[in-house]
Amino acid sequence: MCRWAAYIGSPVYLDEVVSKPEHSLIEQAMLSYEAKTPTNADGFGVAWYGSRKEPGIYRDTHPAWSDPNLRSITHQVKSSLFFAHVRASTGTATSHNNCHPFSHECWSFMHNGQIGGFESFRRRADMMIPDELYSARKGTTDSEALFLIAISEGLFDDPKGAMQRAVGRLEVLSREHGHLPHMRIGAAFTCGQKLFVVRYASDAFAPTVYSMENEDGQGHLVVSEPLHKGDCWKALPPESFTTFEGGDSQIEGFSPVI
């Protein structure tokens, strides 16, 4: 399982999330409190949006705490919308192409969770990715497959519906060819304007996701685990799809199409 954070709001430096808080993403890479595995050392990544449509991406296979470039980049880069992720592999290789966030055109996507038995039906899952998108399949993770299938299901025009259809298709594969838990997902994705967050599980154990408003009330920080103590954090409900835009948020139900 992994740890991640997403921010949307007035521009801030990335290190306000990645390294400065008492329980920052770098701290969570070394010791997380709410993850299945306390150490998340199988790579890291950040994605940020600026004046161009496509996100900037920096990923590597080193543990987040051991890469001096990560601290330097996050100390200098300021953004109004960015992602940060530290990875704990659920079975796939530790490689650059398997590190989150994943990106395609304007989209960025990161994920914490699992699709039960994915290795036993990975070829079937890959066949769900259309030919025109398959060149974007760089790694071997279930997360990247989910992302590309969602794009093929219409992510640009219908973010919630596309993700419900993609999650449903993979959950069906897990039920037919995999094992329990069939689907657990705490994920964030964006095309540079709005931030979309999914919290869902096929059982009673949806991955944790929290949010808080920033100090000026014009944005939100969304995390898989709080970055500091305090009652400002609100847990997003299970089976939910939340849209963040500026200081506003809208929570809807999330039900995979099965």
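Predicted model: local features only at pLDDT ≥ 70, side-chain atom pairs only at ≥ 80, totals over all residues.
Let's start with burial: a residue counts as buried under 20% relative accessible area, exposed over 50%, and partly exposed in between (1.4 Å probe, protein chains only). Residues are numbered from 1 along each chain as its sequence is written, and side-chain values use heavy atoms, with hydrogens and water left out.

Stay with Glu105 for a moment. It sits in the loop between S5 and S6, and its phi is positive, about 50 degrees, although it is not a glycine. Helices (H or I, at least four residues) and strands (E, at least two) are DSSP runs, numbered from the N terminus. Glu239 also has a positive phi, near 55 degrees, and lies in the loop between S11 and strand S12 (240-245). With a relative accessible area of 33%, Glu239 is partly exposed. Most residues other than glycine have a negative phi, and most peptide bonds are trans.

The bond from His100 to Pro101 is cis, with omega near -5 degrees, and Pro101 is in the loop between strand S4 (78-86) and strand S5 (102-104). Leu180 and Pro181 are joined by a cis peptide bond too, with omega about -10 degrees.

Now for the inside. A nonpolar core here is a set of buried Ala, Val, Leu, Ile, Met, Phe, Trp, Tyr and Cys residues joined through side-chain atoms within 4.5 Å. The largest one has 35 residues, and Leu155, Met163, Leu170 and Phe189 touch the most other members. Helix H6 (142-152) and helix H7 (159-177) are among the elements that each supply at least two residues of this core, and H6 gives the most, with seven. A second, separate core of 24 residues includes Leu14, Met212, Leu221 and Val223.

Finally, some strand pairing, which requires that DSSP finds at least two bridges between two strands. Strand S9 (residues 210-213) pairs with strand S10 (residues 220-223) in the antiparallel sense over four bridges, with Glu213 opposite His220. Six residues lie between the strands of this hairpin, and among its residues Gly217 takes a positive phi near 70 degrees. S9 is also joined to strand S11 (residues 234-235) by two bridges, again antiparallel, and there Tyr210 stands opposite Ala235.
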